[in-house]
Amino acid sequence: MNNRELFLRHVAQTSPAPLAIEITRAEAATLEDASGRKYIDLIGGISVANVGHRHPKVLAAIREQLDAYLHVMVYGEFVSSPQVQYAQLLTQYLPSSLNSVYFTNSGAEAVEGAMKLAKRATGRSQIIAFKNSYHGSTQGALSIIGDEYWRQAYRPLLPGVRHMQYNDFEMLEAINTQTACVIAETVQGEAGVRKPSKEWMHALREKCTATGTLLILDEIQTGFGRTGSLWGFEQYDVVPDILLLGKALGGGMPLGAFIADRELMWKLTEAPVLGHITTFGGHPVSCAAGLASLKALLEENMIESVAAKSELFLQSLQHSSIKEVHSAGLWFAVRFNSFETNKRIIDRCIEKGVLTDWFLFAADSLRISPPLVITEEEIRKACEVMLEAMGDE
Ligand code: PLP
């Protein structure tokens, strides 16, 4: 049996039709499979590989940490230099109120930690989330994702959760002194890259402040330059009470984080103590990789090229089968008339060496979220392939 057959037989799947491509090498924005076929990667591990696959500085940091120590103690007991250094660098590039970092294993665990913190700090239990939002697959995160199809089989879920319309001023009325937190993606990803208006973000921030409700912004996909600024919320002139990071945070290694003001965060140390516990959260190798990755992102000015590269995609993607394109920096949802059309186009792209897929809540839209280091030549080539794949759809 080859690896693909063994994968289908012994590696648990929840996708009824996994891509099942065996990648044997990855570099910058290129993936290579077991047959030697090369792909331009327009998925980037779903917004993980922002600095490119296997960035040399990330590899060097991982190697250095391997020679020092791996896991030595559960989270938060020992002083771990990669954690400390990374928390310091992150907070240096965040507003002063976001100064305390709790590292987790994943994005969903960061979501869980943030919801617990909001309940603990406010003494309230109601949570407001948004339709078509995605926050992860654990039961708490699942309770707040904004699509009933994905939730219904797993009830009972968290009580006290209400799903409101994103970017809607009327929903603000629902926020009151019973609300522990509002949790929103800064740009809704799996809805098909949907941006809020600046006015709505401001109004949301104001209503949260007025009612003592904590505003949690999920930047798990929007962080680390994806939307053209280091953090998505910079473009909306708002500061969340709790910020969620994941995906690109670990430079290709598993890592998540929820970040808040120290005074707020330290509520988790009392009544009860150990308000969030994790064995592997903030793993030293993940933190070393993430730290090197953020340094590379900043030192190599990767974010500066996002606007021009974004424009190149937008100019090149002109075809009669495209209904609309939603974009935020190097992140695009290219919408067609149906999932079937989208799927045919995606399959042809993959056959021709361009890796892409669709969005969870926008199956009619093709995903583009490449490593930010993708070259202009690669963008032109990928667009050529995509247009050819659209053919006479
Ligand atoms: N939040 C957002 C916006 C995401 O896109 C994701 C994952 O796709 C998550 C949370 C969950 O992250 P993880 O898959 O690391 O648990």
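Author: Helices are DSSP runs of H or I with at least four residues, strands are runs of E with at least two, and both are numbered from the N terminus. The model is predicted, so local features need pLDDT of at least 70 and side-chain atom pairs pLDDT 80 or more, while totals for chains, interfaces and linings use all residues. Residues are numbered from 1 along each chain as its sequence is written, and side-chain values use heavy atoms, without hydrogens or water.

Reader: Is glutamine 188 buried or exposed?

Author: Glutamine 188 sits in the loop between strand S7 (179-185) and helix H8 (198-211). Leaving aside residues up to four places away in sequence, its contacts (heavy atoms within 4.5 Å) include Phe130, Asn132, Tyr166 and Arg194. Buried means under 20% relative accessible area and exposed over 50%, with partly exposed in between (1.4 Å probe, protein chains only). At 4% relative accessibility, glutamine 188 is therefore buried.

Reader: Which residue has its backbone oxygen 3.0 Å from a polar atom of the side chain of glutamine 188?

Author: Among the residues that glutamine 188 touches are Lys131, Ser133 and Val193. The backbone oxygen at 3.0 Å from a polar side-chain atom of glutamine 188 belongs to lysine 131.

Reader: How is H3 oriented relative to H10?

Author: Helix H3 (residues 56-68) packs on helix H10 (residues 284-299) at about 150 degrees, their axes 8 Å apart. Axes are lines fitted to C-alpha atoms over the stretch in contact, and angles run from 0 to 180 degrees between N-to-C directions. Angles under 35 degrees count as roughly parallel, over 145 as roughly antiparallel, 65 to 115 as roughly perpendicular and the rest as oblique. H3 and H10 are therefore roughly antiparallel.

Note on methods:
Polar contact = N/O pair within 3.5 Å; in protein donor to acceptor, adjacent residues only side chain to side chain.
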